[in-house]
Amino acid sequence: TAEAQSGASATMAPALALVTVSSPLGGSGESYHRLWLDLLHTAPKDALLFHAQNEGVPSCAELVDQGVKSLCVVGVDCGSGNWSSLRKEEWATRLVRLISDFIGLDAAHDGERRVLSSGLGSHAVAQAVGCEVSANPSSSDEGGAAATFIVEAAPVHASPALAGTIGNWLRETRADSLSPPPRVLASASGGAAEDLGSTLYLLESHGEQVTSLPLDCEILASSKKTQAEIWAWRENALAFQCHPELTPALFRGSVVPKVAEAIPGAEEGASSSLDEVALDSEVLAAMARHFLEGGSPLESQRDASKDPSLSPLSAASSGLAASSSAIPVPSSLDEAGGVLDTARRLFNSVSEAIRSEFRIPQMEYELLGKMNRLASEKYEHMADFTAGLAVFAESLREKEESLRPLAGQIGGLEQQLSELEALVVDLDEYSKRLENRVKKYVFS
């Protein structure tokens, strides 16, 4: 049955419908739902929640009847099941039909309905719009090598369509944060500052990727190992191959171990890549919220017409100028690299200091956990011993009940013995009197 947790009131339509294909956190998917709701700034009461593999795929008519305008399809490939194997399931067929119907309805509603997807969910959307999903290309330069599984924090480069505005996204999401300044790369032609584009560091875990897109799709960002990291279908669908919802701790604790269990060796280097970079997940989160609110992923969430300094043209011409947080912009690529290295070392040091601060409480909690386990074992032993005593007491009671009739017989025997004893005494006295008589007659 569908999980379909609906908290929307009768007078207000749900803000979105969230369908998970697979959850790295296990269980029924509630924890994974919470990650996405927090990322999208949506309250549980304003969303319809479904878990596809638990027969939780709604029909398009159900969503339309409840006034849903946004559909989110998400999931993480942890190595145990990619889309090529999952697509054969009945729920996967229903999910692709739901996406197709939802987007099909959108054509008649002038872009009102939006579909946001991530990870395995983006592969379902890709199939719905006619893309091809296949195994990751091999990392070997020679042909014939086995396909690879990607699980790491990877640098993602904005395409020309997105490079002009990604700087605005970076500044807006980092204006009030402790993240380092936007990372910049020189263009292939080695042009001046206005040709600089931006790079994001994002978490990835997938054995397959979108390898072919129709003409009405546009690639917004790519990486060295994945061509379609971020792509869009018209104005209706925005897809992330990466995972903005995951934190490094969740990635290390939930995703990497499952990948290592399913595909031994695939996780090598994942932890080291996390230690070397500061993630830019907040940028994708801001893009996702802006998209679901009806905006274009190629536009900043602020109104560029009201603030010309935030327009794509202005951002490019100023070399990704500093934001309201007064972040200095490097004047050369070497200086940018130095600033980036310094910021990276700073945040690595802060991260290590925080980890050190939490190490002692962590050890105390581990000790407390061991003591609790030992006490639990002792209590279990005492419980077993008490249960044995109860059984022994019950056995004694049953034996007492069985001996009670014999106790009455023993009382009767004692009475008979007393009577026999008195009779023996009488016989003894009689025999003595008789003996005296006999002696009297014999010796007289």
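A residue is called buried when its relative accessible area is under 20%, exposed when that area is over 50%, and partly exposed in between, with a 1.4 Å probe and protein chains only. This is a predicted model, in which local features need pLDDT of at least 70 and side-chain atom pairs count only at pLDDT 80 or more, while totals for chains, interfaces and linings use all residues. Residues are numbered from 1 along each chain as its sequence is written, and side-chain values use heavy atoms, with hydrogens and water left out.

By the burial criterion, 38% of the 444 residues in the protein chain are buried. Cys131 counts as buried at 10% relative accessibility, and Cys242 is buried at 0%. A disulfide is taken as a pair of cysteine sulfur atoms within 2.5 Å, and by this rule the count is zero. Cys131 is accordingly in no disulfide, the nearest cysteine sulfur being that of Cys217, 4.0 Å away.

The secondary structure, read as DSSP runs numbered from the N terminus (helices H or I of at least four residues, strands E of at least two), comes to 11 helices and 13 strands. Confidence is expressed as pLDDT, the predictor's value for each residue from 0 to 100; its mean over the protein chain is 76, and 73% of the residues reach 70 or more.

| Element | Residues | Mean pLDDT |
|---|---|---|
| Helix α10 (lowest) | 312-317 | 32 |
| Strand β4 (highest) | 70-75 | 94 |

Contacts are heavy atoms within 4.5 Å, and of those in the protein chain with a separation of 6 or more, 76% join residues 24 or more positions apart. Over residues 1-11 the pLDDT stays under 50, although the model has 27 contacts beyond four places in sequence for them.

A nonpolar core is a set of buried Ala, Val, Leu, Ile, Met, Phe, Trp, Tyr and Cys residues joined through side-chain atoms within 4.5 Å. The largest has 49 residues, of which Leu18, Trp36, Leu40, Leu116, Phe240 and Phe251 touch the most other members; helix α9 (residues 281-292) supplies its largest share, seven residues. Apart from this core lies another, of 37 residues, including Val57 and Cys217.

Helix α7 (residues 248-262) has 15 residues and reaches 20 Å from its first C-alpha to its last, close to the 21 Å expected at 1.5 Å a residue. Its buried residues are Phe251, Ser254, Val255, Val256 and Val259.

Key:
Expected span 1.5 Å × (residues − 1).
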